[in-house]
Each structure stands twice: as structure tokens, then as C-alpha cells.
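Visitor: I am new to this structure. Please pick one part of it and take me through that part slowly, along with whatever surrounds it.

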Amino acid sequence: MAIETLYPACGSLVGGVAALKMIDAERLALPSFEEDARSCSMPEVSDGGEWATVAFVDGSCSYTQKVSYRCQLPEVRHTLRFTLPDNEPSQRFVAQLEEASRNTGIVAIVTLQNQRQLLVALSPALGTEQPLRLIETTISTNTKREDRRTIEVQLECCTECCAATINI
């Protein structure tokens with residue numbers, strides 16, 4: 001097998017997350033995936049469900065996917081990290097993430113700075129069987145008196161495939 005030269009396929013190489021939306025995994029229908037599972041249509045939301053927009057602190061949200069191979073099969077670890085201001089709405093939101101993590105888990109749409117949208121924790125083979133779950137929250141007083149307290153949140157899941165790009 002010949003190895004081909006790779007070229008950037010995602011357009012702009014500018015990094016960063018511009019927006020983040022989440023929903024309970026049970027509220028989504030499986031979208032139609034392209035044959036290579038790298039792109040999909042927007043998933044349908046069931047009655048009463050809606051995407052929650054995460055109001056994270058500017059510049060604090062990151063998404064990583066780490067691919068490792070076990071017995072030549074891919075295992076993809078998806079990690080979302082973001083920081084919230086430590087206030088009543090953020091505390092309620094974290095409580096909702098805890099509840100969803102204990103029950104059905106979470107699916108996310110990560111919008112990158114180049115406007116590419118990634119569907120995280122929903123795959124063609126496993127559906128919503130491996131959703132994001134809350135791994136850690138950290139409340140920080142920060143170092144300077146004028147700095148506000150924050151809540152750092154981390155969610156993770158492992159699936160068999162990378163996040164799919166949502167066709168627009």
C-alpha cells in the first residue's frame with residue numbers, strides 16, 4: 001500500500017472553539033452519516049429537547065480527540081474543557097451536567113473559529129452508547145484579588161471514530 005501525501009482538509013488552520021452546544025444524548029436521533037463517517041447531517045432533536053448554548057469564559061474552551069490503536073482498532077478519546085464564571089446560573093448548569101452524566105450522557109456540537117461544526121459523542125456504529133460524561137469540575141479562586149472565581153469543567157468519552165463534521 002502506498003502512503004499518500006496529506007494536505008490540510010479543514011481549511012483555515014486557526015485554532016480555538018468559537019461556540020459550544022450540548023444536549024442530553026437521549027434527545028437525539030441518529031443523523032445520516034456519509035459513508036466514511038467523517039461528515040453527517042444535523043441530528044434531529046426529539047420533542048421537548050433543545051441544544052443548550054454554553055456561556056464559557058472567552059478563550060477558555062478547548063476540544064481534543066486523541067486516537068490510539070489497540071489490536072489495530074482505533075479508540076478515540078474526546079475531551080471537552082471549558083471555564084464558566086462561578087455564579088448561580090453556572091452552578092445550575094454544572095448540576096444539570098452531573099445529572100445528565102449519571103443518566104444518558106451528553107452529545108455536543110463544537111463550532112471552531114473557522115465555523116466548522118463537529119458532532120462529538122455520536123457515532124454511526126455506537127449511536128449514543130458512548131456519550132460525553134462529566135469527569136471533573138474545579139472551582140478556582142484564581143491568584144489575583146480582582147480575578148473572579150471560576151468553575152473549570154471537563155467532559156470525556158471514548159468512541160470508535162473521530163468527531164464528524166456537520167454538513168451545512
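**A helix and its surroundings**

Guide: Let's start with helix H1, whose face turned away from its buried side carries the exposed residues Gln-96 and Arg-102. Here exposed means over 50% relative accessible area, buried under 20%, and partly exposed in between, with a 1.4 Å probe and protein chains only. Before going on, please note that this is a predicted model, in which local features need pLDDT of at least 70 and side-chain atom pairs count only at pLDDT 80 or more, while totals for chains, interfaces and linings use all residues. Residues are numbered from 1 along each chain as its sequence is written, and side-chain values use heavy atoms, leaving out hydrogens and water.

H1 takes in residues 88-102, 15 residues in total, and reaches 21 Å from its first C-alpha to its last, close to the 21 Å expected at 1.5 Å a residue. That expected span is 1.5 Å times one less than the number of residues. Helices (H or I, at least four residues) and strands (E, at least two) are DSSP runs, numbered from the N terminus.

Now turn to the buried side. Ser-90, Phe-93, Val-94, Leu-97, Ala-100 and Ser-101 are the buried residues of H1. Looking down the helix axis, you find them within an arc of 120°, so they line one face of H1; the arc is taken from the directions between the axis and the C-beta atoms. Their cover includes strands E1 (17-24), E3 (52-53), E5 (73-85), E6 (106-112), E8 (133-140) and E9 (150-159).

At the N-terminal end, H1 is capped by Asn-87, with a side-chain oxygen 2.9 Å from the backbone nitrogen of Ser-90. A polar contact is a pair of N or O atoms within 3.5 Å; within protein, one must be able to donate a hydrogen and the other to accept it, and residues adjacent in sequence count only if both atoms are side-chain atoms.

In the loop between E4 (62-70) and E5 sits Gln-72, whose phi is near 65°, a positive value in a residue other than glycine. Gln-72 is exposed, at 76% relative accessible area.

Beyond its neighbours within four places in sequence, Thr-150 is in contact (heavy atoms within 4.5 Å) with Thr-83, Leu-84, Asp-86, Thr-138, Ile-139, Ser-140 and Asn-142.

Finally, glance at the other sheet, an open one of 6 strands in the order E2-E10-E7-E6-E1-E3, with mixed pairing. E2 and E3 are its edge strands, each pairing on one side only.

Methods:
Pairing = 2+ DSSP bridges.
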